[in-house]
Amino acid sequence: MTSKPLKQIHLAAHFPGVNNTTVWSDPKAGSHIEFSSFAHFAQTAERARFDFLFLAEGLRLREQGGKIYDLDVVGRPDTFTVLAALAAVTEHLGLTGTINSTFNEPYEVARQFASLDHLSGGRAAWNVVTSWDAFTGENFRRAGFLPQEERYSRAKEFLATANALFDSWHGDEIVADQATGVFLRDAKAGSFVHTGQHFDIHGQFNVPRSPQGRPVIFQAGDSEEGREFAASSADAIFSRHATLEGGQAFYTDVKNRLAKYGRRPDQLLILPAASFALADTDAEAEELAREVRRQQVSGATAIKHLEFVWNRDLSSYDPEGPLPDIDPDVSDNHISKGRAQVRMYRDPLATAREWRELAAANNWSIRDLVINTGNRQTFVGSPTTIAKTINDYVQADASDGFILVPHITPTGLDDFADKVVPLLQEQGVFRTEYEGPTLRHHLGLDHPDAVDDRVAS
């Protein structure tokens, strides 16, 4: 009986900015905007031979009750600026940026990613997302927002248009023959025409074909439309299903969608986000995990979180006291703006009843409830325990790897790089050296060929 070959684990690192994952108040925490923080984080990931660094996106500061929520501010510098700068201080690490397809234009985004791919020697990746709320749209010329089905329709056409721009150069047009003075073999290099529901553009793309041909494409949606979009068009999907059972169900569902698009299972990687609490022993790690969760949920943060569900000003309530006895306000005018978590609570009245029952059964305060019902660390334990758990999940097809989100920036990845990665390498499931120059090499993905529609004369 032949045993199943060991899968190689893919690891990446998410620089999260200031949000409810990070503990910005910890004495070990550093800046979330100074370049030295980004450089340290990226160089640690590269030292550990990670596949890529991941940047999320915040297009507007989130608000609570009409004010910037300063306990959970997603204020990030421009993605392309940061990634281009990191290209100069790393050699192998992939550089993945989240860029919105709702409020941008294909020509501009394609030009930026093609440029980044050139500057980095083939390490660019694009996490294609849509925007779901009118609040964010107010920052942009079009304002408003699109219904979900139109958002994905625009995203699909946006990506198809960008791919047409990437492919408008085939890679052999530049001759640069100094003896003859011929620079271009084809004066029509970069020519494109696209006419569709959302975009009607034509011209010549002004960035030659880049080392990867196209950037690696990520997708982060979990809806039915998002899963189909990933199955049809993405190289990797950024998943929130990081438990064993949930991960296996998601993995099976998405991989099974690939065949109808003529794709193999290995042409789409599934990479959940994962946080961790790492210490010398399992017991110390459990204690650290409890401490971090309390740091992440201060009294003020607990009240703000409760307001997501209650949709009321609860600032007069004691976070160490009982839950409100009033019911949530179920009106459409929500107190919290720009937070995707709001969509998690489709039935606020039912959630409030469930939380009251949990609080009563466990004698929990508001803060206790938020700590215990919020996100827990995915991996908790000693280096040996975490390395084993990660490997077990990947070999059991719960994922193809993980995008790690440390709670301290920028040094929160250091211990993982020094203590967990060597154990994975010893097991033969994680690289000891990079085997190729591009991100597609790291991820085991094909390099796409341009569709050659030129007619020989």
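A word on ground rules before you click. This is a predicted model, so local features need pLDDT of at least 70 and side-chain atom pairs count only at pLDDT 80 or more, while totals for chains, interfaces and linings use all residues. Residues are numbered from 1 along each chain as its sequence is written, and side-chain values use heavy atoms, with hydrogens and water left out.

**Stop 1: two crossing helices**

Select residues 35–47, helix H1, and residues 79–87, helix H2. Helices here are DSSP runs of H or I with at least four residues, strands are runs of E with at least two, and both are numbered from the N terminus. The axes of H1 and H2 come within 10 Å and cross at roughly 55°; axes are lines fitted to C-alpha atoms, for helices over the stretch in contact, with angles from 0 to 180 degrees between N-to-C directions. That makes H1 oblique to H2 (under 35 degrees is roughly parallel, over 145 roughly antiparallel, 65 to 115 roughly perpendicular, and the rest oblique).

Now show side chains. Phe35, Phe38, Ala39 and Ala42 of H1 meet Val82, Ala85 and Leu86 of H2, where contact means heavy atoms within 4.5 Å. By class, that is seven nonpolar residues, with no polar and no charged ones (Ala, Val, Leu, Ile, Met, Phe, Trp, Tyr, Cys and Pro count as nonpolar, Asp, Glu, Lys and Arg as charged, and the others, Gly among them, as polar).

**Stop 2: salt bridges**

How many salt bridges are there in the count? The count comes to 26, taking a salt bridge as a side-chain nitrogen of Lys or Arg within 4 Å of a carboxyl oxygen of Asp or Glu.

Start with Asp397 and Lys4, which pair at 3.2 Å, N to O. Asp397 sits in the loop between H12 and strand S17 (401–404) and Lys4 in the segment before strand S1 (10–15), so this bridge ties together parts 393 residues apart in sequence. Asp397 is partly exposed, at 24% relative accessible area; buried means under 20%, exposed over 50%, and partly exposed in between (1.4 Å probe, protein chains only).

Next, pick Glu320 and Arg367, whose closest N and O atoms are 3.5 Å apart. Glu320 is in the loop between helix H9 (299–310) and strand S15 (336–337), Arg367 is in helix H11 (residues 366–373), and the two are 47 residues apart. Glu320 is partly exposed at 44%, whereas Arg367 counts as buried at 15%.

Then go to Arg257 and Asp253, a bridge of 3.0 Å, N to O. Arg257 is buried at 10% and Asp253 partly exposed at 26%.

**Stop 3: Leu404**

Select Leu404 in strand S17. Is Leu404 buried or exposed? With a relative accessible area of 0%, Leu404 is buried. Beyond residues up to four places away in sequence, Leu404 touches Ala12, Ala13, His14, Phe50, Ala274, Phe276, Leu413 and Phe416.

**Stop 4: Ser382**

Finish at Ser382, in the loop between strand S16 (379–381) and helix H12 (383–395). Ser382 counts as buried at 10% relative accessibility. Setting aside neighbours within four places in sequence, Ser382 is in contact with Leu278, Ala279, Asp280, Thr281, Asp282 and Ala285.
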